[in-house]
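Please report on the fold, the packing and the charged pairs of this chain. Keep to what can be computed from the atoms.

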Amino acid sequence: MSNKSTNNKLQQFLDDAFKPYGDFPARKDVEQELLANLTEKYNDLKAEGKTDEEAYRATVDSFGDVSEIMSQVGPAPKKEQEVDTMGSLKKSLKEAFRAAKQSRSKFAYTELRESDLSDTDLSGADFSFSSLEGASFERANLSEAKFRAAALRGASFQDANLSASTLAGSDLQGANFDKANLTNTKLRACALYHTTFAGATLDGTNFGYSDLKDVSFEGLTLAGTIFDGCSLKGTSFKGAVLRDVTFHHSEVKHASFDGATTDKITYALLKGAKANLDNVTVN
């Protein structure tokens, strides 16, 4: 099977997976990142001696339960349903966010690029399918908020509380999560290239099937964090503490674990996946 044929076949697989969910701001970027991840997986399997069909089937199977992944991304509305969920597009942002403090407000399908939402209580708010590039959520309370399939490239969540939030299927390239609380947050199938997590709390955070190319988790303590099916080219876990962390179907051999400390189970999982563990401490 030629490279072009393989690429087309994998692209069709992704198109079919996303088809029931319509268009959303991050769809193109997310599909591109997932395609790169799947293509890399396919090429590795071919290099191991598998046939074209064996490599394709194993690659698709490694993607996991597509319906479970996509369940994190709600369907786009029909045109006749595209209305402002706050009930008033004419309200000023100031009034809208004042209202958000009093209820579990929804801002789905809204245009909020470059908006300043810092120091705001938006717990439980719904920003799904919204355009939020460059927006600032610094020090905001976003616990249990939803950003499914939102465009958040370059947004800042520094010092924000995002515990138990859902950001599945979002374009988060270049976003800033420094010192943010992301406990039990779902970032599945997200584009996270050049995103920063310095000093962030990532206990139970689910990064499944996301692009984490060149992302740094250096010096962080990760407990129960999930990296299943992730693209980890150039991802750094140098000096990190890893406890009960999973990397199923991820290419850990492309990541750096230099100086990291792991528990026995995490170490065994990484070793089985052929990660370089020459300078890793088991504790």
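## Fold and packing

Along the sequence, the chain follows the pattern α-α-α-α-α-β-β-β-α-β. In total the chain has six helices and four strands; these elements are DSSP runs numbered from the N terminus, with helices (H or I) of at least four residues and strands (E) of at least two. The model is predicted, so local features need pLDDT of at least 70 and side-chain atom pairs count only at pLDDT 80 or more, while totals for chains, interfaces and linings use all residues. Residues are numbered from 1 along each chain as its sequence is written, and side-chain values use heavy atoms, with hydrogens and water left out.

The four strands form an open sheet in the order β1-β2-β3-β4, with parallel pairing. At the edges are β1 and β4 (281-282), each of which pairs on one side only. Two strands pair if DSSP finds at least two bridges between them. Strand β2 (residues 241-243) and strand β3 (residues 261-262) pair in the parallel sense over two bridges, and valine 241 stands opposite threonine 261 in β3.

Of the 283 residues, 51% count as buried (buried is under 20% relative accessible area, exposed over 50%, partly exposed in between, with a 1.4 Å probe and protein chains only). The chain exposes about 12900 Å², of which carbon and sulfur atoms supply 45%; the areas come from the Shrake-Rupley method with a 1.4 Å probe, and for residues only the protein chains shown count as cover.

The largest nonpolar core has 53 residues, and Phe137, Phe147 and Phe257 have the most contacts inside it. Such a core is a set of buried Ala, Val, Leu, Ile, Met, Phe, Trp, Tyr and Cys residues joined through side-chain atoms within 4.5 Å. A second, separate core of 12 residues includes Leu10, Leu34, Tyr42 and Val60. Leaving aside neighbours within four places in sequence, phenylalanine 147 is in contact (heavy atoms within 4.5 Å) with residues including Phe127, Leu132, Phe137, Leu152 and Phe157.

## The loop between α5 and β1

Threonine 195 is in the loop between α5 (93-100) and β1 (221-223). Threonine 195 is buried, with a relative accessible area of 2%, and a polar atom of its side chain lies 2.7 Å from the backbone oxygen of leucine 172. Aspartate 214 is in the loop between α5 and β1 too; its phi is near 65°, a positive value in a residue other than glycine. Arginine 139, also in the loop between α5 and β1, has a positive phi of about 65° although it is not a glycine.

## Salt bridges

The whole structure holds nine salt bridges, each a side-chain nitrogen of Lys or Arg within 4 Å of a carboxyl oxygen of Asp or Glu. Among them are these:

| Pair | N to O distance |
|---|---|
| Lysine 9 and glutamate 53 | 3.5 Å |
| Lysine 41 and glutamate 251 | 3.8 Å |
| Arginine 139 and aspartate 119 | 2.8 Å |

Lysine 41 lies in helix α2 (residues 27-47) and glutamate 251 in the loop between β2 and β3, so this pair ties together parts that are 210 residues apart in sequence. Both lysine 41 and glutamate 251 are buried. By contrast, lysine 9 is partly exposed at 29% relative accessibility, and glutamate 53 is partly exposed at 42%. Arginine 139 counts as partly exposed at 43%, as does aspartate 119 at 47%. Finally, Glu111, Arg113 and Glu133 are linked in a network of salt bridges.

Notes. A polar contact is a pair of N or O atoms within 3.5 Å; within protein, one must be able to donate a hydrogen and the other to accept it, and residues adjacent in sequence count only if both atoms are side-chain atoms.
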